[in-house]
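Hi,

Here is the structure I promised to pass on. Have a look at it first, then read my notes below.

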Amino acid sequence: MQNFEKLFNSLQQEGIQDCIESKIPEQYYCRDFLEFKNILLKLKATFAAKKIFILSDGEFKASSLQESVSIDDTICKILENDFEIIFKNLSKDANVKPQEIHASEKFLKYIDSYVNEQKNNCQIFISLGSGTITDLLKHSLFSNFNDAIFVSIPTAATVTAYTSSFSVLDIGGAKRTRQSKHINHTIWIEPLLQAAPMTLSRAGYGDLLARFVAYGDWYLSYKIGISKTYNEMAFRLMEIFSTQLKNLSPYFAGANLSCAAISELVPILSMAGIAMTLSGETTPLSGYEHVISHGLDFLKLTAGKQLVLHGEQVALASLTSAMSFDWILSINSFDEKKFRTLTFKEAEKLISKLLISAPYYGNTDENRQLDKGNIELAKEVFLKDYLIKNEKWNEIKDSFYNFIQDFPEIKRKLEILTIRAQELEHLLVNSKLPTYPEGTHPAISALEYRWALRFSPFIRSRFSIGDFIFWIGEDPCVVAAI
């Protein structure tokens with residue numbers, strides 16, 4: 001628990017004493033697999049559990065730098081004498097490559113069948129792997145067996161999914177955040193995390209950089225009048241790690257993370273998911289940068305292309321967000337004649353136009369057939385969600401003078417809540433994260449990236465600075481110099 005001392009102290013300062021009552025996961029940091037085994041044995045004794053369910057995506061992941069043994073085999077070997085193991089390899093059962101698995105309704109059906117098959121004779125369910133596997137099992141348990149004991153074992157320090165009670169699911173290519181089962185225990189295993197490819201660890205760092213911009217979206221939404229609620233608890237919970245997070249950037253430039261870097265990174269990643277859970281929404285760490293990322297994912301998923309690592313996209317989009325906030329801080333007045341107001345028909349027409357003109361394939365493969373059914377489904381979701389915030393904007397834009405009067409103070413607050421683009425770019429360069437679209441893996445074209453920025457107002461119902469830029473009649477690509 002020593003690794004999480006700062007995390008627990010920060011929670012206590014906010015008056016949060018009981019993890020179980022607050023529905024946040026108990027955190028364990030294991031220096032080796034013996035410590036891991038002892039934790040599972042304690043859970044076994046506590047819950048009188050004989051059977052244990054383990055879900056994997058089937059992709060080979062080394063259990064340590066020194067061993068070329070799969071983590072799946074290692075974990076099963078460690079537990080086989082003490083538990084009856086029900087092990088499921090999702091890629092094998094779904095007959096797909098592990099990298100083709102994403103958190104969609106298609107794969108959720110497989111997980112639902114696993115859970116329903118085992119829920120009468122198994123109490124402990126483990127996700128062993130990525131944020132995708134974690135989200136799938138987390139949401140299935142929420143729907144089918146919410147009383148289960150859910151344990152997440154990250155195989156790389158990549159995303160906040162390992163400690164949050166939300167899942168990001170793909171609905172016809174449109175990504176949506178859904179309330180899911182809270183995680184009971186998260187077990188971080190040092191040698192496993194150190195053996196993870198640096199691309200994944202670096203992406204985890206990139207996902208955390210959203211912390212430096214996303215709060216600006218929430219605050220701006222509140223001051224405009226779109227959001228009726230706002231609080232800074234999650235900001236305070238993460239602020240205690242701010243300097244530490246920045247100082248970690250050079251550690252991601254090498255081939256592998258050091259044990260010291262992993263030890264510092266894990267509590268920050270843990271707190272990010274916990275902060276969202278306690279806020280009851282992902283808003284504190286998911287703003288404009290995630291909207292852009294979801295837009296890019298829509299293009300890739302619709303075209304059947306390989307996704308860019310989530311954290312890599314979020315890092316790049318965080319720079320765009322920071323540049324957008326810098327632009328907000330630089331202006332002193334608004335031309336209300338340029339303000340946009342869309343009717344239902346106008347919104348539907350614009351979304352249709354953007355979807356038809358989307359660069360699904362860039363300059364290649366233009367003759368391939370798109371899944372038009374999924375595009376139509378996504379269009380309905382996009383339109384429905386956009387109209388929610390559009391209605392609010394139509395109601396409040398006539399009283400925008402209140403915002404203008406408060407604008408000097410709003411800018412001062414935004415300076416505190418967000419990072420400047422120059423500093424964020426420095427962190428990206430230090431950690432070898434992309435600072436331009438073509439620098440991602442696989443590369444995002446500038447055409448795709450500009451489309452995602454211009455489509456950003458229609459990605460989800462929650463407000464971001466991209467909506468503000470659109471509503472006041474500006475081009476988000478010009479604002480962010482893309």
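A quick definition to start: a residue is buried at under 20% relative accessible area, exposed at over 50% and partly exposed in between (1.4 Å probe, protein chains only). Keep in mind that this is a predicted model, where local features need pLDDT of at least 70, side-chain atom pairs count only at pLDDT 80 or more, and totals for chains, interfaces and linings use all residues. Residues are numbered from 1 along each chain as its sequence is written, and side-chain values use heavy atoms, with hydrogens and water left out.

Now for Lys-411, which is buried but has no salt bridge (a side-chain nitrogen of Lys or Arg within 4 Å of a carboxyl oxygen of Asp or Glu). Glu-415 is its nearest side chain of opposite charge, 7.9 Å away (Lys and Arg count as positive, Asp and Glu as negative; His and the chain ends are not counted). You'll find Lys-411 in helix H18, residues 401-417 (helices are DSSP runs of H or I, at least four residues, numbered from the N terminus).

On to the rings: the whole structure has 33 aromatic pairs (Phe, Tyr or Trp rings, using the six-membered ring of Trp, with centres within 6.5 Å; planes under 30 degrees apart are stacked, over 60 edge-to-face, the rest tilted). One of them is Tyr-215 with Phe-235, edge-to-face at 5.4 Å centre to centre and 70° between the planes. Tyr-215 is in helix H10 and Phe-235 in helix H11, so the pair ties together parts 20 residues apart in sequence. Tyr-215 is buried at 1% relative accessibility, and Phe-235 is buried at 10%.

Cheers

Technical notes: Helix = DSSP H or I, 4+ residues; strand = E, 2+ residues; numbered from the N terminus.
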